[in-house]
Amino acid sequence: MNSLTLKKKPARIIPGFHLSLGYTMLYVSLLVLLPLAMIFIHTMTLSWSEFTSIVSNPRAVASYKLSFGTALAAGLLNVLFGTIIAWVLVRYHFPFKRIIDGLVDLPFALPTAVAGIALTSLYAPNGWIGRIFDFKIAFTPLGIIIALTFIGLPFVVRTVQPVLQNISAEIEEASASLGATRLQTFIKIIFPELLPAILTGFSLAFARALGEYGSVVFIAGNMPMKTEITPLIIMTKLEQYDYAGATAIAVVMLVTSFVLLFTINLIQWLANRRFVH
């Protein structure tokens with residue numbers, strides 16, 4: 001045999017790089033890039049003055065503030081309570097644990113319109129929960145935050161839960177044996193491991209809340225300048241066949257969402273780099 005032997009190519013389960021990359025780019029282009037491009041193409045049919053007039057309308061501006069404000073509040077609530085729920089599901093054993101663990105995924109399977117109707121019936125002034133309070137919950141921004149928290153909770157729980165499962169309880173015991181308090185153990189050992197997952201869960205919940213329509217439209221009340229969300233304005237313009245106006249507002253939401261998510265990912269990258277080094 002010759003001294004030079006041919007190296008065997010490693011066996012691959014899926015086709016080669018070029019075919020896989022081509023399929024991926026085609027798939028992403030058809031389902032993501034092309035629809036997004038159509039938004040900008042429709043918007044370009046407007047003049048600059050028409051565009052600014054539509055997107056800076058007081059009614060639209062009020063909806064921006066409401067949509068982004070409630071999505072941010074819901075995302076922060078989900079980070080807090082989602083992390084606590086994930087901790088309980090991982091670290092404690094109690095009756096019906098598997099049932100409760102399965103209920104976390106209910107917002108994924110439940111149609112958003114059904115969730116909106118159910119939440120509205122509960123938090124309306126004559127509902128089971130709404131009648132307990134002296135102030136209104138449904139048909140207010142508070143009701144919108146509750147609906148967005150409901151649909152965004154699984155994103156945080158399912159993102160944080162696997163990370164917690166990989167953190168051994170022995171690490172906490174070793175920290176305690178070295179004299180660290182529970183708070184010090186959480187801040188110095190557990191939280192750095194959870195932070196990337198928490199930021200990922202927040203970004204997913206925040207992004208879902210920004211575009212949510214079905215579960216919010218019932219509990220919001222849809223009062224212009226008060227409880228009208230941006231997706232509702234877009235739907236209203238589409239029903240009026242004002243496609244350019246709808247896409248103009250959609251562009252504002254899209255660009256702002258991209259900037260916010262890019263900032264969140266940048267913070268996540270910086271956090272990973274800091275704790276790794």
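Where is the place of tyrosine 92? In this predicted model, tyrosine 92 sits in the loop between helix 3 (58-91) and helix 4 (97-103). Leaving aside neighbours within four places in sequence, tyrosine 92 is in contact with Trp87 and Lys97. Isoleucine 146, by contrast, is 54 residues along the chain from tyrosine 92, and the two C-alpha atoms are separated by 27 Å.

Trp87 turns up again among the aromatic residues. Together with Phe186 and Phe191, Trp87 forms one aromatic cluster. The ring of tryptophan 87 also has a charge over it: the charged end of arginine 91 sits there, 4.8 Å from the ring centre.

Aromatic pairs come next, and the structure holds eight of them. One is made by phenylalanine 202 and phenylalanine 206, whose rings are stacked, with 5.8 Å from centre to centre and 20 degrees between the planes. These two phenylalanines are separated by about one helical turn, because they are four residues apart in helix 9 (residues 182-210). As a general point, an α-helix has 3.6 residues a turn, so residues three or four places apart point the same way. Phenylalanine 202 counts as buried, because its relative accessibility is 12%. Phenylalanine 206 counts as buried too, at 4%.

Another stacked pair joins phenylalanine 258 and phenylalanine 262, with 6.4 Å between the ring centres and 20 degrees between the planes. Both residues belong to helix 12 (residues 243-276), where they are four residues apart, about one turn of the helix.

Serine 175 counts as buried because its relative accessibility is 7%. Not counting residues up to four places away in sequence, serine 175 touches Ala180, Thr185 and Ile189. As for threonine 185, it is 10 residues from serine 175 in sequence, and the two are 6.3 Å apart in space, C-alpha to C-alpha.

In an unreviewed entry, the annotation "domain: ABC transmembrane type-1" covers residues 64-264. In the model, that span is 77% helix and 0% strand, and its end C-alpha atoms lie 19 Å apart. UniProt also places the feature "transmembrane region" (unreviewed entry) at several stretches, including residues 102-125 and 194-223. Over residues 102-125, the chain is 75% helix and 0% strand, with the end C-alpha atoms 30 Å apart. Over residues 194-223, the chain is 80% helix and 0% strand, and the end C-alpha atoms are 39 Å apart.

Technical notes. Residues numbered from 1 in each chain as written. Predicted model: local features only at pLDDT ≥ 70, side-chain atom pairs only at ≥ 80, totals over all residues. Heavy atoms only, no water. UniProt positions renumbered as here; feature names shortened; annotations may be inferred. Phe/Tyr/Trp six-rings, centres within 6.5 Å; stacked < 30°, edge-to-face > 60°. Buried < 20%, exposed > 50% of the residue type's maximum accessible area, 1.4 Å probe, protein only. Lys NZ or Arg CZ within 6 Å of the ring centre and 35° of its normal. Contact = heavy atoms within 4.5 Å.
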